[in-house]
Amino acid sequence: MIDPIFNKEFSLRRRWKHFMFLMSRGVLLPVLRVTLRLRVAGVANIPKRGGAIVICNHLGWFDPPILDAACPRPILFMAKEEFMNYPILRWFAKQSGAFPVRRGTADRKALQHAQNLIADGLFVGMFPEGTRSKTGSLQRAFTGASLVVVRSNALVIPCIMVGTEDLPMSGTKERKRRRFWPKVRVVYGEPFRLASRMPSGERYSLDELTDAMMIEIARMLPPQYRGVYADLATQSHPAVTRETTDELAPAAR
């Protein structure tokens with residue numbers, strides 16, 4: 001998707017960064033397809049224009065760059081604040097557009113920055129669990145992602161990653177024989193929005209909306225990865241609403 005390069009609604013700096021993203025992706029994606037046997041599905045679910053939040057399960061340190069390379073549009077990730085303490089990592093994070101967040105707190109500055117990026121027509125990447133899973137399956141998520149969705153009425157693109165638990169620096173603490181030649185799969189699911197109110201007019205709580213998002217991720221994952229959301233993954237939460245591609249287009253920038 002090269003159109004942002006020529007879209008004068010974006011700043012020259014943003015258009016240059018998009019050009020660099022496409023060049024980097026053109027090199028990195030073929031390498032990952034060979035070294036990690038990376039396979040990507042559901043790319044047709046990614047809107048060509050407009051802001052959105054990309055949410056995903058989190059298995060290892062390499063999830064953000066792999067997810068970014070798998071997506072035809074750049075994803076600006078919300079990264080834990082501690083990540084910025086390492087100069088080299090901080091440099092790479094800033095070049096990719098990542099921004100820090102204090103985990104476990106209502107970091108208003110980070111949440112507002114995420115809302116502004118979405119309003120500017122960009123993708124914001126979030127791992128609602130807040131950290132890498134120690135078991136490889138879904139953990140209880142924080143409410144930060146659902147708070148951004150409610151405030152911005154953003155489109156949500158659910159995504160799953162499988163296989164990065166076999167890479168170095170994964171979060172899993174279980175002793176198991178890792179694959180010598182990893183096989184990583186990324187799947188982008190059907191976008192949705194979250195209704196903040198029930199049909200009765202009563203508001204959903206942030207915990208309920210967080211569950212609604214995580215259920216969509218769980219429904220896409222193989223059963224052994226669904227973790228604490230396994231029993232809820234039989235059907236979508238009532239707060240989840242879907243729109244056709246034609247309905248999405250007018251809202252897209």
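What pLDDT does the protein chain average, and what percentage of the residues score at least 70? In this predicted model, the protein chain averages a pLDDT of 87, and 90% of the residues score at least 70. Confidence in the protein chain is highest in strand β1, at 97, and lowest in helix α8 (residues 245–251), where the mean is 46. The pLDDT is below 50 over residues 249–253, a stretch that has nine contacts in the model beyond near neighbours in sequence.

The strands considered here belong to an open sheet of seven strands, ordered β1-β7-β6-β2-β5-β3-β4, in which the pairing is mixed. Strands β1 and β4 (99–101) form the edges, each pairing on one side only, and the twist from one strand to the next averages 25°. Helix α6 (residues 144–152) packs on this sheet, where it touches β2, β5 and β6, and its direction makes about 160° with that of β2. Elsewhere in the sheet, β3 runs parallel to strand β5 (residues 123–126), to which it is joined by three bridges, with F77 standing opposite G125 in β5.

Strand β6 (residues 155–162) pairs with two strands of the sheet, in the parallel sense with strand β2 (residues 52–56), over five bridges, and in the antiparallel sense with strand β7 (residues 185–188), over four bridges. Within the former pairing, I55 stands opposite P158 of β6, whereas in the latter C159 has Y188 of β7 as its bridge partner. Because eight of the eight residues of β6 are buried, this strand is largely enclosed by the rest of the structure. The burial extends to both faces of β6, with L155, I157, C159 and M161 buried on one side and V156, P158, I160 and V162 buried on the other.

Helix α3 (residues 63–70) is likewise mostly covered, with six of its eight residues buried, namely D63, I66, L67, D68, A69 and A70. The elements that cover these buried residues of α3 include helix α2 (12–35) as well as the strands β1 (39–41), β2, β3 (75–80), β6 and β7.

In the loop between β6 and β7 lies E165, which has a relative accessibility of 6% and therefore counts as buried. Two polar interactions of the E165 side chain may be described: this side chain reaches the backbone nitrogen of G163 at 2.9 Å, and it makes a polar contact with the side chain of Y225 at 2.4 Å.

A search of the whole structure for disulfides finds zero. For C56, the closest cysteine sulfur is that of C159, but the separation of 4.0 Å is too far for a bond, given that a disulfide requires the two sulfur atoms to lie within 2.5 Å. For C71, the closest cysteine sulfur is also in C159, and here the distance of 8.2 Å is again too far for a bond. Both C56 and C71 are buried, C56 with a relative accessible area of 1% and C71 with a relative accessible area of 0%.

Definitions and conventions: Residues are numbered from 1 along each chain as its sequence is written. This is a predicted model: local features need pLDDT of at least 70, side-chain atom pairs count only at pLDDT 80 or more; totals for chains, interfaces and linings use all residues. Side-chain values use heavy atoms; hydrogens and water are left out. Buried means under 20% relative accessible area, exposed over 50%, partly exposed in between (1.4 Å probe, protein chains only). Two strands pair if DSSP finds at least two bridges between them. Contact means heavy atoms within 4.5 Å. Axes are lines fitted to C-alpha atoms, for helices over the stretch in contact, and angles run from 0 to 180 degrees between N-to-C directions. pLDDT is the predictor's confidence in each residue, from 0 to 100. A polar contact is a pair of N or O atoms within 3.5 Å; within protein, one must be able to donate a hydrogen and the other to accept it, and residues adjacent in sequence count only if both atoms are side-chain atoms.
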